[in-house]
Amino acid sequence: MGNILQNIHLFRAIEAYPWELEKAVEALHYALSYDPENAKALHLMAKVYAEQLGDYETAKTYFESALASRLDLTDIYPDYIRLLTNNEDFEEAQKVIDFAKTVKGIDKAGIALAQGQLFESMAQFEDAERALKEAKQLALNDDFISFVENVLSRVKKKRKAQANENRILENQAKKETETQPKSWFQNRLNNFL
């Protein structure tokens, strides 16, 4: 009986989120009171804290609890990786990505997209392009491919802008070294030669 009630509350929470937050949170509290280790309920509660309340630490705790409860629940990984990436926990996000690739039934294209977005956030644009191209190859959905192409286009623009900025900085450094006045000692040495 408890499992049925728990599932009913979980279904109510899923149905209410994100449009009716009060109902969703209330239903989640009921579901978690029946089973505090319900991975689906913990995952949805993490999303509430991350996406609606902006409470990163609490969301992270809920994500970790959800994964501790069920490592095979593939829906958790993309949301958790996005949270870690957005909050610049890059090393931890990479560890989650590496583990997620080993989970049976995971959306490999979605994880490759998350990898590309992680590299983009770290300004490693060439690596991001490689990961995004892999995501396109693994995709089984035209809409997803179109989305990845848009992300890839954005990353290419950022890479070009970064290359231009690096070129400008190199040119400025060269000009500064060329226009620096020579010291008295350098002039004296040049006169002897």
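Predicted model: local features only at pLDDT ≥ 70, side-chain atom pairs only at ≥ 80, totals over all residues.
## Helices and their neighbours

- H6 spans residues 90-100, and its buried residues are Ala93, Val96, Ile97 and Ala100.
- Look down the axis of H6 and you'll see these buried residues fall within an arc of 100°, so they line one face of the helix.
- Here's a handy bit of background: an α-helix has 3.6 residues a turn, so residues three or four places apart point the same way.
- Now turn to the face of H6 that points away from the buried side: there you'll find Glu91 and Lys95, which are exposed.

**Helices H4 and H5**

- H4 covers residues 56-69 and H5 covers residues 76-86; their axes come within 11 Å and cross at roughly 150°.
- Angles over 145 degrees count as roughly antiparallel, so that's the label for H4 and H5.
- The crossing of this pair, H4 and H5, is left-handed.
- On the H4 side, the contact is made by Tyr56, Ala59, Lys60, Phe63, Glu64, Ala66 and Leu67.
- H5 brings Ile76, Tyr77, Asp79, Tyr80, Leu83 and Leu84 to that contact.
- Sort the residues of the H4 and H5 contact by class and you get ten nonpolar, three charged and no polar ones.

**Helices H7 and H8**

- H7 (residues 108-121) and H8 (residues 125-138) have axes 8 Å apart and pack at an angle of about 165°.
- H7 and H8 are therefore roughly antiparallel to each other.
- The crossing of H7 and H8 is left-handed.
- From H7, the residues that meet H8 are Lys108, Ala109, Ala112, Leu113, Gln115, Gly116, Phe119 and Glu120.
- Waiting for them in H8 are Phe125, Asp127, Ala128, Ala131, Leu132, Glu134, Ala135 and Leu138.
- The contact of H7 with H8 splits into ten nonpolar, two polar and four charged residues.

**A lysine to find: lysine 23**

- Lysine 23 sits in helix H2, which runs over residues 21-34.
- Is lysine 23 buried or exposed? With a relative accessibility of 52%, lysine 23 counts as exposed, because the cut-off for that label is over 50%.
- Lysine 23 and histidine 9 are 14 residues apart in sequence, and their C-alpha atoms are 9.9 Å apart in space.

Note on methods: Residues numbered from 1 in each chain as written. Heavy atoms only, no water. Axes fitted to C-alpha atoms, helices over the stretch in contact; angles between N-to-C directions. Helix = DSSP H or I, 4+ residues; strand = E, 2+ residues; numbered from the N terminus. Parallel < 35°, antiparallel > 145°, perpendicular 65-115°, else oblique. Left-handed = near helix turned anticlockwise from the far one by under 90°. Contact = heavy atoms within 4.5 Å. Nonpolar A, V, L, I, M, F, W, Y, C, P; charged D, E, K, R; others polar. Buried < 20%, exposed > 50% of the residue type's maximum accessible area, 1.4 Å probe, protein only. Arc of directions from axis to C-beta.
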